Amino acid sequence: MLPREENDLLTQVSQGRPMGELMRRYWIPALLSSEIPEPDCPPVRVRLLGEDLLAFRDSEGRVGLLDEHCSHRGTSLFFGRNEECGLRCIYHGWKYDICGNVLETPAEPTGSTLKNKVQHTAYPCQESAGIVWSYLGPKDKIPLLPNYEWMNLPSSHLYVTKSIQDCSWLQGLEGECDSSHLSVLHKSFTTQQQRGGGDGALYAADSSPHLEGIEMDYGVRMLSCRKADADTIYLRVSNIVLPCHGFIPTGGVRGNPEGYTIHSHVPIDDAHSMRYNIHFRRSRPIRNDERQHDDEIGVDFKKLRNLRNNYLQDREQQKRETFTGMGQTFLIHDSCATESMGPIYDRAQEHLGVSDVTVIAVRRFLLQCIRALQAGKEPPHVVRTAKANDMRHVACIATTIPSTKDPKAYVVEQLKKEKYWEVTN
Ligand code: FES
Ligand SMILES: [Fe+2]
């Protein structure tokens, strides 16, 4: 269990709250680039860390993220005109650029200097991997955008979706931490070999994996070891990466090292989050059969199966085909597990076991980061130099190894090989 005070520390994300301030030290996903596909297209509402914002792409293709409400008298800029390198409020015509400068105040007399005295809230944006990333923190502390290996792949090699989750970001993130639920929640009785990158039989072989969380410079590396047979261990290495990402080896034993999947749990506010699903393949385009969210998420980013319709659970299917009775898409299983806890779960009510040691390790790490920031220190994984922006050691692995081998030593060996790189200090 987690004391109420620590639960609040981890789940409250608005400005001025400790976790809100920690989140504001990192670049976070704000929206998909495809939501604002071309210059001067309609702006899009974005709620992020409890702030109501508006994203727009100006005439030169640059992206801005502004406070939704006009600095003059508060009309929503959502209804504004996106024209000639600025967004113009429809009430009195104040016009803003992507940096929040007021360019024009047509209702003021000629020669008015009012526009020079007003700075509209605006957050810097960068685009990578089909995502608009934004930084909502202090302007003098802007870090580099982390250079994860999937950031610069051709769009054909990436499949990025997002869905609104009706629960706290932390409930989503904690779902990335316990490898044990793979053996239960995502179990299929009919397609064990196909799901989860073909590793279904390996999850099923052992439902109580040995888990370990190791603190890293970027977050927490998590090892899970299942007995595959008398002589073999099924090892999975996943990562929680600051501030809100889970890097998961969904490629499976056969898929690895083709790629892994990233689930980002970006807070919309304390009780809602946006789950970004970033799926990539290193050396080939994504196949159509890998685009499994297309039938699950509506144009408004709400899931078609959701808490209000009980995820369209089919009790007959639950008897014969899947553990949940909710189809084969992991997103839906995970959503049911985390959203049905309620919007902000009170962790004082829980009863943790050894299958939760990685959840506990991640909470401890996040609390340490919060307290370090409160003490005036720069939090981990805030990237400031090109050298520090080598992210190859944030590697995911799914493999089988002889049970005589030490899993931790194996991971270090693998990371030293060509494709990976281990932190040596
Ligand atoms: S409220 Fe926007 S210009 Fe007046
Ligand atoms: Fe899951």
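Visitor: Which residues coordinate the iron ion (ligand 2)?

Guide: Donors are N, O and S atoms within 2.8 Å of the metal (3.2 Å for Na, K and Ca); water is not among the atoms, so sites may look incomplete. Here the iron ion (ligand 2) is held by His181 (NE2), His186 (NE2) and Asp334 (OD), at 2.1 to 2.2 Å. The donor residues follow the spacing H-x4-H-x147-D in sequence. Histidine 186 belongs to the loop between helix H4 (169-174) and helix H5 (195-198), and aspartate 334 to helix H9, so this pair ties together parts 148 residues apart in sequence. Helices (H or I, at least four residues) and strands (E, at least two) are DSSP runs, numbered from the N terminus.

Visitor: On what basis do these values and labels rest?

Guide: The model is predicted, so local features need pLDDT of at least 70 and side-chain atom pairs count only at pLDDT 80 or more, while totals for chains, interfaces and linings use all residues. Residues are numbered from 1 along each chain as its sequence is written, chains are lettered from A and ligands numbered from 1 in the order in which they are written, and side-chain values use heavy atoms, with hydrogens and water left out.

Visitor: Are histidine 186 and aspartate 334 buried or exposed?

Guide: Buried means under 20% relative accessible area, exposed over 50%, and partly exposed in between (1.4 Å probe, protein chains only). Both histidine 186 and aspartate 334 are buried.

Visitor: Why does glutamine 317 count as buried?

Guide: Glutamine 317 counts as buried because its relative accessibility is 14%. This residue is part of helix H8 (residues 315-320). Threonine 322, in the loop between H8 and helix H9 (330-339), is buried as well, with a relative accessible area of 2%.

Visitor: What joins the side chains of threonine 322 and glutamine 317?

Guide: A polar contact is a pair of N or O atoms within 3.5 Å; within protein, one must be able to donate a hydrogen and the other to accept it, and residues adjacent in sequence count only if both atoms are side-chain atoms. The side chains of threonine 322 and glutamine 317 are joined by such a contact of 2.7 Å.

Visitor: In what order do the 4 strands form the open sheet?

Guide: Two strands pair if DSSP finds at least two bridges between them. The order is E2-E3-E4-E9, with antiparallel pairing. Strand E2 (44-48) and strand E9 (122-123) are the edge strands, each pairing on one side only.
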